[in-house]
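Thanks for making the time this morning; I would like to walk through one model with you, slowly, and with the cut-offs stated as we go.

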Amino acid sequence: MLVEGDSGCRSEAGRGVNVSMAEGDTLISVDYEIFGKVQGVFFRKYTQAEGKKLGLVGWVQNTDQGTVQGQLQGPISKVRHMQEWLETKGSPKSHIDRANFNNEKVILKLDYADFQIVK
């Protein structure tokens with residue numbers, strides 16, 4: 001949460017002084033699979049839009065099992081935000097039963113240039 005101080009400077013509220021700002025910039029990659037009513041409800045399109053809005057890269061696709069799967073890459077703070085979105089929000093007409101995240105790892109560079117819908 002950003003708070004504007006008396007001097008007009010912005011700082012993150014509740015953040016310890018000793019915490020490095022670079023900490024949230026660590027790049028991570030995580031795979032995901034979303035279960036529920038997530039096909040035929042524009043879930044991939046909304047996922048791509050949310051990922052791009054957050055500045056993430058990766059991909060999203062439907063599976064033959066009726067789930068949606070993909071991979072997210074970007075700064076850890078943005079990936080965490082996207083994970084929460086995938087788990088709790090999704091597209092307006094979707095109904096998410098559960099979200100699985102695995103193969104999380106720190107990466108040195110992004111493997112993708114943008115966020116793609118895989119057909």
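Predicted model: local features only at pLDDT ≥ 70, side-chain atom pairs only at ≥ 80, totals over all residues.

Before anything else, a definition: when I say polar contact, I mean a pair of N or O atoms within 3.5 Å, where, within protein, one must be able to donate a hydrogen and the other to accept it, and where residues adjacent in sequence count only if both atoms are side-chain atoms. With that in hand, the side chains of Thr 67 and Glu 33 are joined by a polar contact of 2.7 Å.

Residues are numbered from 1 along each chain as its sequence is written, and side-chain values use heavy atoms, with hydrogens and water left out.

Let me give the overall picture. The protein has 2 helices and 7 strands, where helices (H or I, at least four residues) and strands (E, at least two) are DSSP runs, numbered from the N terminus. Read from the N terminus on, the order of elements is β-β-β-α-β-β-α-β-β. Of the 119 residues in the protein, 35% are buried; here buried means under 20% relative accessible area, exposed means over 50%, and partly exposed is in between, with a 1.4 Å probe and protein chains only. As for contacts, meaning heavy atoms within 4.5 Å, 73% of those between residues at least 6 apart in sequence join residues at least 24 apart.

Back to Thr 67, then. Leaving out residues up to four places away in sequence, Thr 67 touches Glu 33, Ile 34, Phe 35, Val 38, Gln 39, Gln 61 and Asn 62. For one of these, Ile 34, the C-alpha atom is separated from that of Thr 67 by 5.6 Å, although the two residues are 33 apart along the chain. Besides the pairing with Glu 33, the side chain of Thr 67 makes a polar contact of 2.6 Å with the side chain of Thr 63.

Now the helices. How do the axes of helix H1 (residues 43-53) and helix H2 (residues 76-88) cross? They come within 11 Å and cross at roughly 160°, the axes being lines fitted to C-alpha atoms, for helices over the stretch in contact, with angles running from 0 to 180 degrees between N-to-C directions. H1 and H2 are therefore roughly antiparallel to each other, on a scale where angles under 35 degrees count as roughly parallel, over 145 as roughly antiparallel, 65 to 115 as roughly perpendicular and the rest as oblique. The contact is made by Phe 43, Tyr 46, Thr 47, Glu 50 and Gly 51 on the H1 side, and by His 81, Met 82, Trp 85 and Leu 86 on the H2 side.

Gln 48 counts as buried, because its relative accessible area is 19%.

Asp 114 is in the loop between strand E6 (95-106) and strand E7 (115-117), and is partly exposed at a relative accessible area of 33%. The side chain of Asp 114 makes a polar contact of 2.9 Å with that of Gln 116, and Asp 114 touches Val 57 and Gly 58, residues up to four places away not being counted. Val 118, in the segment after E7, is partly exposed at 30% relative accessible area. Its contacts, leaving aside neighbours within four places in sequence, are Arg 44, Trp 59, Val 60 and Gln 61. Val 118 and Gln 61 are 57 residues apart in sequence, yet 5.0 Å apart in space, C-alpha to C-alpha.

Finally, two backbone points. Most residues other than glycine have a negative phi. Phe 42, which is not a glycine, has a positive phi of about 60°; this residue lies in the loop between strand E3 (27-37) and H1, and is exposed, with a relative accessible area of 55%. Asn 103, also not a glycine, has a positive phi of about 55°, and its place is in strand E6.
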